[in-house]
Amino acid sequence: MDKDRITGAAKDFAGKVEGAAGELAGDARTQASGRAREAAGTVQNLYGQAKDAAREAGETAAGVVRDAYENSGDTIRDGSQAVAKTVRDNPLGSLLIAGGIGFALALMMTRSARRPPPRWRYYS
């Protein structure tokens, strides 16, 4: 728990007490001061909650990245084994897929350049 949350909750409570005291005494200035302190405490509490949420999100992201890094060798090895098994099981289909990919790459690399649009010239 962040210190801003604790301080904000304390200010919020103090503002409520001050506002209630101003209301009982009939003092509008004390009542307004209490409401202002209550609002400041609420804002500080929300700020602390946002800091806590950001910290937790960062820790979660770091954990996910750490797990991915630690297991990356296993993932690559498993993927390459799955591809090798698929090629062994269906060599003709694998050959056709590889040929299609090669053909698509060749088309993309040898496309003719686009011609610029014609310029219309008006002679008068």
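Arg35 has a relative accessible area of 42% and therefore counts as partly exposed; buried means under 20% relative accessible area, exposed over 50%, and partly exposed in between, with a 1.4 Å probe and protein chains only. The model is predicted, so local features need pLDDT of at least 70 and side-chain atom pairs count only at pLDDT 80 or more, while totals for chains, interfaces and linings use all residues. Residues are numbered from 1 along each chain as its sequence is written, and side-chain values use heavy atoms, with hydrogens and water left out.

**Salt bridges of Arg35**

- Arg35 and Glu23 form a salt bridge through their side chains, at 3.8 Å from N to O; the term denotes a side-chain nitrogen of Lys or Arg within 4 Å of a carboxyl oxygen of Asp or Glu.
- Because Arg35 lies in helix H2 and Glu23 in helix H1, this pair ties together parts that are 12 residues apart in sequence.
- Glu23 is exposed, and its relative accessible area is 51%.
- Arg35 also meets Glu38 in a salt bridge, at 3.4 Å from N to O.
- Arg35 and Glu38 are 3 residues apart in helix H2, so about one helical turn separates them.
- Glu38 counts as buried, at 18% relative accessibility.

**Salt bridges of Asp52 and the overall count**

- The count of salt bridges comes to 8.
- One of them joins Asp52 to Arg5, where the closest N and O atoms are 3.0 Å apart.
- Asp52 belongs to helix H2 (residues 28–70) and Arg5 to helix H1 (residues 3–25), so the pair ties together parts that are 47 residues apart in sequence.
- Asp52 counts as buried at 8% relative accessibility, whereas Arg5 is partly exposed at 23%.

**Helices and overall form**

- The protein chain contains 4 helices and 0 strands; helices (H or I, at least four residues) and strands (E, at least two) are DSSP runs, numbered from the N terminus.
- The pattern along the sequence is α-α-α-α.
- The radius of gyration of the protein chain is 34 Å, whereas a compact globule of 124 residues would have one near 14 Å; the radius is taken over C-alpha atoms, and the globule rule is 2.2 Å times the number of residues to the power 0.38.
- Along the principal axes, the C-alpha atoms fill a box of roughly 90 × 75 × 20 Å.
- Of the contacts with a separation of 6 or more, 61% are between residues 24 or more positions apart; contact means heavy atoms within 4.5 Å.

**Surface**

- Buried residues account for 13% of the 124 residues in the protein chain.
- The accessible surface of the protein chain is about 10,400 Å², and 62% of it belongs to carbon and sulfur atoms; the areas come from the Shrake-Rupley method with a 1.4 Å probe, and for residues only the protein chains shown count as cover.
- Ile97, Ile101, Leu105 and Met108 make a nonpolar surface patch of about 420 Å²; patches consist of residues with over 30% relative accessible area and no salt bridge, with like charges joined within 9 Å and nonpolar side chains (Val, Leu, Ile, Met, Phe, Trp, Tyr) within 5 Å.
- Leu105 is found in helix H4 (residues 91–109) and is partly exposed, at 41% relative accessible area.

**Confidence**

- The average pLDDT of the protein chain is 85, and 95% of the residues score at least 70; pLDDT is the predictor's confidence in each residue, from 0 to 100.
- Confidence is lowest in helix H3 (residues 72–89), with a mean of 84, and highest in H4, at 91.
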